[in-house]
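Here's a quick briefing to read alongside the model.

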Amino acid sequence: MTAAAPTLDQPYYGAPLGAAVRRIFAKYATLRGRASRSEYWWWVVTAAVVGTVLNALPTLTDGIRIEADGSTTITGPLGVILGAIWLVWALVTIVPTFAVLVRRLHDTDRSGFWVLIGVVPLIGVLVLFVFTLQGPRPEGARFDE
């Protein structure tokens, strides 16, 4: 017997891939509440894989050609279409990525304002990385509604 998934206002510890991605889009711009490590990291992996594939497709299909000097040339409509698809994906996933990061910080009992440390070159990103790896703290429940 499998346990039912918790309601959207609670973190889903041990969330499988599909449930985690569905929850990210169901809570698209929600900054309140918490996100479990599995919810956060499944989303990071999914967004990275999809983004990488969409970024590589124009080059792999010769829709965009990378020249020897590093410049790029769009070689036809396929390059424009695939490039536009990647751009749409990148723009659509900015908000949920930011929101799930804030909720993940809440689960570690940190304010969402800690995302601002990410603007500090190198050190800020490393600090956020360590924070997202940490386990949940019961005190983080103060961020629930």
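Leaving aside its neighbours within four places in sequence, which residues is Thr72 in contact with? Those partners are Ile64, Arg65 and Ile66. Bear in mind that this is a predicted model. The rest is grouped by topic below.

**Overall picture**

- You'll find 4 helices and 2 strands in the protein, and walking along the sequence gives the pattern α-α-β-β-α-α.
- Along the principal axes, the C-alpha atoms fill a box of roughly 55 × 40 × 20 Å.
- The protein has 145 residues, and 34% of them count as buried.
- Take the contacts between residues at least 6 apart in sequence: 62% of these join residues at least 24 apart.

**Surface and charge**

**Helix packing: H1 with H2**

- Helix H1 covers residues 17-26, and its axis is 9 Å from that of H2, at an angle of about 90 degrees.
- Angles of 65 to 115 degrees count as roughly perpendicular, so that's the label H1 and H2 get.
- From H1, the contact is made by Leu17, Ala20, Val21, Arg23, Ile24 and Phe25.
- H2 answers with Ser38, Glu39, Trp42, Trp43 and Thr46.

**Helix packing: H2 with H4**

- H2 also meets H4: their axes come within 9 Å and cross at roughly 130 degrees.
- That angle makes H2 oblique to H4.
- Arg37, Tyr40 and Trp41 are the H2 residues making this contact, while H4 brings Phe129, Thr132 and Leu133.

**Around the strands**

- Thr72 belongs to strand E2, which spans residues 72-74.
- Is Thr72 buried or exposed? It counts as exposed, because its relative accessibility is 56% and the cut-off for exposed is over 50%.
- Thr72 and Trp42 are 30 residues apart along the chain, and their C-alpha atoms are separated by 32 Å.
- Over in helix H3 you'll spot Leu78, which counts as partly exposed at 42% relative accessibility.
- Not counting residues up to four places away in sequence, Leu78 touches Thr61 and Gly63.

**Backbone spots to check**

- Most residues other than glycine have a negative phi.
- Asp62 isn't a glycine, yet its phi is positive, at about 65 degrees.
- Where is Asp62 found? Look in the loop between helix H2 (37-60) and strand E1 (64-66).
- Asp62 counts as partly exposed, because its relative accessibility is 45%.
- Asp109 is another residue other than glycine with a positive phi, near 65 degrees.
- Asp109 has its place in the loop between helix H3 (77-107) and helix H4 (123-133).

Note on methods. Residues are numbered from 1 along each chain as its sequence is written. This is a predicted model: local features need pLDDT of at least 70, side-chain atom pairs count only at pLDDT 80 or more; totals for chains, interfaces and linings use all residues. Side-chain values use heavy atoms; hydrogens and water are left out. Buried means under 20% relative accessible area, exposed over 50%, partly exposed in between (1.4 Å probe, protein chains only). Contact means heavy atoms within 4.5 Å. Axes are lines fitted to C-alpha atoms, for helices over the stretch in contact, and angles run from 0 to 180 degrees between N-to-C directions. Angles under 35 degrees count as roughly parallel, over 145 as roughly antiparallel, 65 to 115 as roughly perpendicular and the rest as oblique.
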